[in-house]
Amino acid sequence: MSNHASAPNPASRPASSPASPRRPRTQTIDCALGQNAYAIVVGVELGEKIVQYVRGAIDRDKVVILSSPKVAQFHVGPLKSALEQAGCEIDVILFPDSEEYKILPTVTAIAENLAEIGCDRHTLLINCGGGVVCDMGGFVGATYMRGVRWINLPTTLLAQCDAGFGGKTGVNLDIGKNLVGVFRQPAAVFSDINYLLTLAEDEYKNGLAEVVKYGMIWDEGLMRYLERNVAKVLNRNLSTMTAIVRRCTRIKAEIVARDEQEAGTRRVLNFGHTIGHALETATGYQRFRHGFCISVGMVAETLLALKMELIESPTLERLEKLLDRLGLPRAADDIDIDRIMNAMTQDKKRRHGRHNLILPLGVGEVCEVEDVPPNLLREVLEEVIVTFDW
Ligand SMILES: NC(=O)c1ccc[n+]([C@@H]2O[C@H](COP(=O)([O-])OP(=O)(O)OC[C@H]3O[C@@H](n4cnc5c(N)ncnc54)[C@H](O)[C@@H]3O)[C@@H](O)[C@H]2O)c1
Ligand SMILES: [Zn+2]
């Protein structure tokens, strides 16, 4: 699986006149899924566009914003006022969005709330938040009264590049993450880059790991763009981040359009995730954010590709250097390697009984390698997991 896309279009960057900084161009990307096709709008200050969409989508129906208290303190007030000024009647339901609340009882509570305020099948839901809000709001949208329309307003970098679209909705069980859910697509997505300005640093970095992943799996041009713009990326420069989110959105939309339900191509999105997920499991999801585990996972899986002679060392060096410059980890310390291996074995049982991994063939190109020998996996883990013996 490979492709040859070019770098984000520099012509879309705003003119650098300090007196009149031009707003980065808003762009609409189609998630081309036949009957389930929808638009993903990426830009800055999308309030007006959201209002326009909502007014066009409803008649006398109810509109409900689903969000969390944390996101709401920054972003729900202005959205609600803009919609109300446009004549819409809005209800807001807030629920906690930490990972431990991404469970069925929260879904039940939201659904009961919707029923109490009289929502029916014509209600429009607006999920405003990170991946937890989009996953759980999407699941509510897909199942409340057998399905209502919903739009996503992803507010984290990770959700704008990944969780906010693509159709995977769901919640966690005690035994594992995302084990209950359905594939169902939102009606539209609005990724406002301004939302990223209120994100905590770790949450921002969390999303950057997924951005690097897109460069590695699909787009050498994106990798080059990141390398050239590290300072702007770290400063959350709006035009740079608009170009990057737009690019990642295009890549994921293309992958999802080829393979909506993860029968093949979509698995390329798992690069860095086999080992990354095992690191998350081995540390009880407490020690590191997902993106940090994916960052180490990408290094480990690229090292594996090197050992299997799929790539030469410059590919690994290039990845490691970029992660370093972005402040993302390429190694972790003091995690029991047996626990990581164990987590991978559990994961393997749920899949096809084999260690199948997505490995790089170079920057921007990956392939699926079946049946990776466990001893090789252990060997790379021993290199990326630093143990202090004192
Ligand atoms: N459906 C998919 O395809 C898919 C893909 C990847 C991940 N996910 C899921 O996404 C979830 C992780 O999502 P996430 O990384 O976006 O984290 P998140 O939703 O857990 O949000 C992280 C934190 O940031 C806060 N936050 C969100 N937006 C903010 C903003 N603009 N300003 C300030 N604070 C803000 C939240 O309140 C939360 O405390 C996981 O549950 C994962 O399983 C789903
Ligand atoms: Zn991920």
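Guide: Before we zoom in, what radius of gyration would a compact globule with 390 residues have, and what does the protein chain have? The globule would come in near 21 Å and the chain has 21 Å, so the two agree (C-alpha atoms; rule: 2.2 Å times residue number to the power 0.38). This is a predicted model, where local features need pLDDT of at least 70 and side-chain atom pairs 80 or more, while totals use all residues. Residues are numbered from 1 along each chain, chains are lettered from A and ligands numbered from 1 as written, and side-chain values use heavy atoms, without hydrogens or water.

The C-alpha atoms fill a box of roughly 60 × 50 × 45 Å along the principal axes, and the chain has 14 helices and 13 strands (DSSP runs of at least four and at least two residues).

Now for ligand 1. Around it sit 27 residues, with Asp97, Gly131, Thr155, Thr156 and Thr198 the closest (a heavy atom within 4 Å). Asp97 puts a polar side-chain atom 2.6 Å from a ligand oxygen (polar contacts are N or O pairs within 3.5 Å). On its own, ligand 1 has 870 Å² of accessible area, and the protein covers 90% of that (Shrake-Rupley, 1.4 Å probe). Elements giving two or more residues to this shell include helix H4 (131-143), strand E8 (176-183) and helix H2 (69-85). H2 gives the most, with four residues.

Definitions and conventions:
Polar contact = N/O pair within 3.5 Å; in protein donor to acceptor, adjacent residues only side chain to side chain.
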